[in-house]
Every structure is written in structure tokens, then in C-alpha cells.
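Dear colleague,

Please find below the structure that I am handing over to you.

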Amino acid sequence: MRISSNKVKDIVRFAHQELAENYVKGEVNTLIYALIEKFCHIGMVKALAEPELTVSESELLRVYFGIKDLKNNVPLQYVLGECDFLNANILLSHKVLIPRPETEELVQRVIDENKAKPGLEIADLCCGSGCVAVALAKNLHDSSVVAIDIDPEAIAQTKENAEHNAVAVETLKADILNDVCIDRRFDIIFSNPPYVRESERSLMRANVIEHEPWQALFVSDENPLVFYRSIALFAQKYLKKDGVLYLETNEALCNETELIFTELGYQTKKLKDFRGKERGLIATKKG
């Protein structure tokens, strides 16, 4: 099936025909107007007000393939190749995880609690797209940010996003599960590591399972907190006294995650996200 004309109204009609089985009507509207804005440079308000507007053949083709991708459960952010994260624009490939609202909420907390402190040294462990590192560098002025990940694709994406947002972010390819050597100490360590247990895979939506990188999401049921144990040991070496860890956690394992840090003498505080779920942990290094 092809789009019947180059008019906005026919593009929208085609999208509803193609996507009705995958998404509810309101979602389809959000998705199609996002495609029209991205690929045709027509904002949603204008597209709604002027449905007779026409787009070029090349624009129509890009929207058409975008709709087909959405029908195949490709997440919108991958189709657009970007997303907004706080006041940063993050470029995305299929090789890195799509930033989540819960992560954005936690990063905003980091900014709010530290914006009055000059010259901060910050590490972002398991940096992925670099959205956290870029947002912190952009909002905590005069800070120095290092982004660390084992995946060369993540390091490349982080570098691209730092350049795209005109901020300085140092990158380091390293395995946080092994001994990382770095010649500096940090005031803040942030991490959103893999924490979804393999047994929880069935609870996740198809667009996540089929398209997002599994290595950025899943851990074994036998050792689901492996990254947090390594982060705790990393922080023992490289976090300054009174330095703070901000960690995103599995809501089902927040208590167990907290115990790792309390046993090492950290002062801890569990955090609830905007849905009321325990999805975060703050750990302050004492002594």
C-alpha cells in the first residue's frame, strides 16, 4: 500500500491505516506528526491547521519508510535518529540504549543538587549514548566529565553527542567489571548499568526486546547485581571523601543494591521515581 498523495492529510490517513494494529489512535497521532516534523519540517500545529499542505517526493519517501519501521516495532527514537534529554539533543543509533524518563529524572536531581558547586569531577559509568555525560557537562558548568563504557559503539556515540552539543566530555573504553585504572578522583559518579534480569524479559515490550541492545539491558538471574558490586569497588578507589554515587536500580532489587553500599560504609538513600517506584539510590562516601 502506498500513500495516496503528497498531502499531509493523506499521510496521516495512511499512518492510521498502517499502525492501527500496533498503537492506539492517540499514539499514532503523536508518532506521525513527529515524523512529519522531522522529515518534512512541518510542525504539528501547522500540520493540523493546514492538512492540504504538500511535501516533496523525497520527504514523502522518508515518512513512508518511517511508518513502515514503526509498524515493525522500531522505537520512534531510532526512526528519528535522535531524542531530547533535558536540554540536550541526543543522536541515537541502534547500538545504544534509548534514554528513559527515569534516567532523565535522576540526572535532573544530580544537576539540582550540585549546580552551585564549581569545578566538579564527574564520572558516568556505562555511558551508552552519552546522554547523561552530555547533560551533566552542559548543565554543570565548569565541571569535568569522564564517560566510561566497554562498548566501542557507545564510546563513539558519546563522542559524537558531545561534539553535537558543543560540550567537553572525556571518554574511556574500559570494562567496569574488571579493574579500571584512571589517574583521577571524582566528586560524583553516576551509573545506569544493565540491571534487568533475564527472567524479566517477558515483561518488556516487543520494541525494546527486538531493537534495543541486550547487553545494555540484561543481567543473569544468578548474579543480577554484578555491575553494582563492581561500581562499589570502583568508587572505593576513585570517589573522593564525601563524594556521591547516583545509581539507577531495578525496582525489585533496590534493597539488595542498597545493602552492597551500606556494608561498605556508604550513607545511602533510596529514591522513588515519578511513578512511585524505588528506582534510584544515592550513596555518599564517608570516612
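Is the crossing of H1 and H4 left-handed or right-handed? In this model, which is predicted, the crossing of these two helices, H1 and H4, is right-handed. By class, nine nonpolar and three charged residues make up the contact of H1 with H4, and no polar ones.

Helix H1 covers residues 8–19 and helix H4 covers residues 57–71. They pack at an angle of about 20°, and their axes are 10 Å apart. Because angles under 35 degrees count as roughly parallel, H1 and H4 are therefore roughly parallel to each other. On the H1 side, the residues that meet H4 are Ile-11, Phe-14, Ala-15, Glu-18 and Leu-19. Their counterparts in H4 are Leu-60, Val-63, Tyr-64, Ile-67, Lys-68, Leu-70 and Lys-71.

I turn next to the sheet. Seven strands form an open sheet with mixed pairing, in the order E5-E4-E3-E6-E9-E11-E10. At its edges are strand E5 (170–173) and strand E10 (267–272), each of which pairs on one side only. From one strand to the next, the twist averages 15°.

Within this sheet, strand E9 (residues 239–248) pairs with strand E11 (residues 278–284) in the antiparallel sense, over five bridges. Leu-247 stands opposite Leu-281 in E11.

Yours sincerely

Methods:
Residues numbered from 1 in each chain as written. Predicted model: local features only at pLDDT ≥ 70, side-chain atom pairs only at ≥ 80, totals over all residues. Heavy atoms only, no water. Axes fitted to C-alpha atoms, helices over the stretch in contact; angles between N-to-C directions. Helix = DSSP H or I, 4+ residues; strand = E, 2+ residues; numbered from the N terminus. Parallel < 35°, antiparallel > 145°, perpendicular 65-115°, else oblique. Left-handed = near helix turned anticlockwise from the far one by under 90°. Contact = heavy atoms within 4.5 Å. Nonpolar A, V, L, I, M, F, W, Y, C, P; charged D, E, K, R; others polar. Pairing = 2+ DSSP bridges.
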